[in-house]
Amino acid sequence: MKTAIITLIMAVTTLYAVPAFTGERVFTQSSGESFKGNIKGDEWTHWIESNKGAVVMYNARTKNYEYATIRIEKGVEILVPSGRKLGIINTNKSLASSQNEVTKEDLARLSRNARKRHPHH
């Protein structure tokens with residue numbers, strides 16, 4: 001009986017540690033245009049990285065994938081959709097850079113800070 005309970009606890013604990021699908025996926029805008037990208041992040045901070053390197057988030061209100069930006073809410077930096085739809089035709093790196101691109105350093109800082117706020121994980 002003890003073995004069954006321990007096995008069940010280990011199985012449930014393992015379920016919480018399952019990473020997101022890390023392969024390339026196709027994401028479709030409300031207009032029908034699509035782009036390829038990968039889901040990135042952890043349980044506190046997550047985003048999509050387009051195949052051109054842009055950091056993107058889905059905006060449920062507009063039903064579009066938008067460039068991500070960092071906003072401060074209640075003194076905490078969070079990653080949010082910017083309101084600027086990802087340009088499917090013009091998704092080159094220079095366009096993303098000209099629009100206050102979120103950097104890998106920004107993403108690492110956000111994840112690091114989130115882990116500090118949730119030390120029990």
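## The hairpin of E5 and E6

Strands E5 and E6 form a hairpin with two residues between them, and Lys74 in the turn has a positive phi of about 55 degrees. Strands here are DSSP runs (E, at least two residues), numbered from the N terminus, as are helices (H or I, at least four). E6 covers residues 76-85, runs antiparallel to E5 and is joined to E5 by seven bridges. Two strands count as paired if DSSP finds at least two bridges between them. Thr69 has Val80 in E6 as its bridge partner.

## Basis of the model

This is a predicted model, in which local features need pLDDT of at least 70 and side-chain atom pairs count only at pLDDT 80 or more, while totals for chains, interfaces and linings use all residues. Residues are numbered from 1 along each chain as its sequence is written, and side-chain values use heavy atoms, with hydrogens and water left out.

Strand E3 (residues 46-50) pairs with E4 in the antiparallel sense over two bridges. Ile48 has Val56 in E4 as its bridge partner. The hairpin of E3 and E4 has four residues between the strands, and Gly53 in the turn shows a positive phi of about 95 degrees.

E4 also pairs with E5 in the antiparallel sense, over four bridges. Here Met57 has Glu66 in E5 as its bridge partner. Four residues lie between the strands of this hairpin, where Lys63 takes a positive phi near 60 degrees. Strand E4 (residues 55-59) is mostly covered, with four of its five residues buried. Buried means under 20% relative accessible area, exposed over 50%, and partly exposed in between (1.4 Å probe, protein chains only).

## Aromatic pairs

The whole structure contains four aromatic pairs. Rings of Phe, Tyr and Trp (its six-membered ring) pair if their centres lie within 6.5 Å; planes under 30 degrees apart count as stacked, over 60 as edge-to-face and the rest as tilted. One of these pairs is Phe35 with Tyr65, which is edge-to-face at 5.5 Å centre to centre, with 80 degrees between the planes. Phe35 lies in strand E2 (residues 34-41) and Tyr65 in strand E5 (residues 64-73), so this pair ties together parts that are 30 residues apart in sequence.

Tyr65 also forms a tilted pair with Tyr58, at 5.0 Å centre to centre and 55 degrees between the planes. Tyr58, at 39% relative accessibility, counts as partly exposed, whereas Tyr65, at 13%, counts as buried. Phe35 is buried too. Ring pairs link Phe27, Phe35, Tyr58 and Tyr65 into a cluster.
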